[in-house]
Amino acid sequence: MGALPDNQIVPAVISVEDRLRLVINTIPCLILRATPDGAFDFINQQWLQFTGLTIGEVKGLGWRTALHPEDVRRVMATWRAGLAAGEPFELEARVRRVDGEYRWFLIRNVPLRDEKGTIVQWYGTGHDIDELKGAEDRLRLVIDTTPALLHSALPDGNIDFFNQRMLNYLGAPLEELCGWRWTNFIHRDDVEQIVSKWRRSLDTGEPFESEARVRRADGAFCWQLHRKVPLRDQAGNIVKWFGSSIDIDDRKRADDALRKSYDEIKALKDQLYRENLALKQEIDQTSMFEEIVGSSEKLRRVLVLVAKVAPTDSTVLITGETGTGKELVARAIHKRSARAARAFVSLNCAAIPLSLVAAELFGYEKGAFTGATHRRLGRFELADGGTLFLDEVGELPAETQVTLLRVLQERTFERVGGSQPITVNVRVVAATNRDLRTAVEAGKFRQDLFYRLNVFPIHVPPLRERVDDIPLLLEYLTERYANKVGKRIGSVKKKTMDLFQAYDWPGNIRELQNVVERAVILCDGETLEVDEAWLRRESPEVAVATRGLGRPNENQEKEIIECALRECQGRVSGPLGAAAKLGIPRSTLESRIRILRINKHHFKSA
């Protein structure tokens, strides 16, 4: 379309005007010239050859005959608007080739003005873009048939395209949606927020995302998730926005149903809390100290002390043999205090390896020691605002005693491996079955720490000094364990009751619990009885061991523990282990074995 005919000869001598005309006629492009009112007065030879029309047929407005009938009205409207504006404009139209085939052309027009700014001519070019339009049509077909709702927008935010699936979804033509008219299809309660977010993205250039209800073709509103991302040129300027809309109505309905279920669960939880609170108050009225069962004079004295000290924040030191219920007393103090609604945190100091006691009490930072892969809060932080119960406090290593003393004095500490002071508001209740005064004299327990802990001492009497409480305890424990295994036991055999009251219970209430639980499991009728062999009296040496690991001296204690290990062939735990034989917790015995440097494996082959 742009070559000279082979037989066309350029004269040797040619005027400038003729040379310019020759160039215009041979340029591979359709070139036109029009008067200020838009009438064509010149079309180059390439145009005439392409259309097969003569210059006379195309002059004025005759060029319209070369346009596709469907494009004439649109082209003329754009042509008139461009002439009226007096600014460069362009349009796309299908032009009929000489063989009758229509091809797409991009036609651009610019005005020529005189020195006064008056338009004296219009000049235009036409470029064949039929192959490009074919590619665009194929791309549009892909976009329109893709199972997604797609759209695009201009840099100023005006929506300029919706794919066919989106048009079908909305049941509206593109003309009713372009610009900002798409907001007519958004639920009125969602318009403000989606427009606000869209304007914010236009201002910042950040990707857009919003959820809003959209009216479908059937009139129903459905939730959609709308996203848009900007396309930028090499200079970073936004040239286009491309977006998609995803139907999330099912997800939103599921979320609403889940939220409704959560609200119902919360309401039931609140109701259950109120009912539990009422039940708790009812239980409080009938049983002042929950599982502290008994009415003996010595127990009543303990309960009086508990009632007096509970409302205060004083540190309490509970002493007594193992198994007497020191933790129950500590819990009763917490429950009757102003801290009852906060945490009650307990720690058995004898059950923790010496090297880890500080980390357990005060927490540690990440990397504080091998294996510290993350920060961990200690018991003091967990009990902040509540009560911390330190059982077997006499087993604390010396360096931890120093830190504990500081916490009791200043209410501050640092985590292991940390340097930031941490302030806590914790009430400390400690317990021990050791004679701390003797430990202080022996230099194994700090005297200043002892005085800090011993602000309000409470001694829990052993069960052998509470013989009058045994019938009540037996009745209570029998009922509890019978309910646990689904049995009905209404009475205790008199001989069994006599055995219970005659026995000196070296393991105290813990031993009583174990015996009753075993008896309930073995009971076949409605009357509880025990084998007399279960309650045979221990040797004096064992009795001394069980009541005092508040013992006279370590040599005697070591001898007693070794004797028990020898009889149990080195076994510590279990019903046939040394802990059960001595009537003390396994963790306590393990701690004493470690402290006294006893090799328990030596007795396994004995």
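## Basis

The model is predicted: local features need pLDDT of at least 70, side-chain atom pairs count only at pLDDT 80 or more, and totals for chains, interfaces and linings use all residues. Residues are numbered from 1 along each chain as its sequence is written, and side-chain values use heavy atoms, with hydrogens and water left out.

Helices (H or I, at least four residues) and strands (E, at least two) are DSSP runs, numbered from the N terminus.

## Packing around H16

Two packed helices are described by the angle between their axes and the distance between the axes. Axes are lines fitted to C-alpha atoms, for helices over the stretch in contact, and angles run from 0 to 180 degrees between N-to-C directions. The axes of H16 and H18 come within 9 Å and cross at roughly 45°. H16 and H18 are therefore oblique to each other; angles under 35 degrees count as roughly parallel, over 145 as roughly antiparallel, 65 to 115 as roughly perpendicular and the rest as oblique. H16 passes H18 in a right-handed crossing (left-handed if the near helix is turned anticlockwise from the far one by less than a right angle, right-handed if clockwise). On the H16 side, the contact (heavy atoms within 4.5 Å) is made by Leu473, Leu474, Leu477, Thr478, Arg480, Tyr481, Ala482 and Val485. H18 contributes Leu512, Gln513, Val516, Glu517 and Val520. The contact of H16 with H18 has nine nonpolar, two polar and two charged residues; Ala, Val, Leu, Ile, Met, Phe, Trp, Tyr, Cys and Pro count as nonpolar, Asp, Glu, Lys and Arg as charged, and the others, Gly among them, as polar.

H16 also packs with helix H17 (residues 494–502), at an angle of about 120° and with the axes 10 Å apart. That makes H16 oblique to H17. The crossing of H16 and H17 is right-handed. Here Ile470, Pro471 and Leu474 in H16 meet Met497, Phe500 and Gln501 in H17. By class, the contact of H16 with H17 holds five nonpolar residues, one polar and no charged.

## Packing of H20 and H22

Helix H20 (residues 554–567) and helix H22 (residues 586–595) have axes that come within 11 Å and cross at roughly 120°. H20 and H22 are therefore oblique to each other, and H20 passes H22 in a left-handed crossing. The contact joins Glu554, Glu557, Ile561 and Leu565 of H20 to Leu589, Arg592 and Ile593 of H22. Four residues of this contact are nonpolar, none is polar and three are charged.

## Second largest pocket

On a 1 Å grid over the protein atoms alone, a cavity is a set of points where a 1.4 Å probe fits but cannot get out, and a pocket is an open set with protein on both sides within 12 Å along at least five of seven lines; lining residues have an atom within 4 Å of a point. Grid points are joined across faces, edges and corners, and a volume is the space filled by probe spheres set on the points.

The second largest pocket has a volume of about 520 Å³. Of its 28 lining residues, Gly323, Thr324, Gly325, Lys326 and Arg510 lie nearest the centre. Helix H9 (297–309), helix H10 (326–335), helix H16 (470–485) and helix H18 (508–522) each supply at least two residues of the lining. The lining divides into twelve nonpolar, eight polar and eight charged residues.

## Cavities

The whole structure has three cavities of 30 Å³ or more. The largest cavity holds about 170 Å³ of space and is lined by 17 residues, of which Phe162, Met166, Trp182, Ile186 and His226 lie nearest its centre. Two or more lining residues come from each of strand E7 (159–162), helix H6 (164–170), helix H7 (191–204), strand E8 (208–215) and strand E9 (221–232). E9 gives the largest share, three residues. The lining of the largest cavity has twelve nonpolar, four polar and one charged residues.

About 70 Å³ of space lies in the second largest cavity. Its lining consists of Leu32, Phe40, Trp47, Trp63, Val75, Trp79, Leu91, Ile107 and Asn109. Eight of these residues are nonpolar, one is polar and none is charged.
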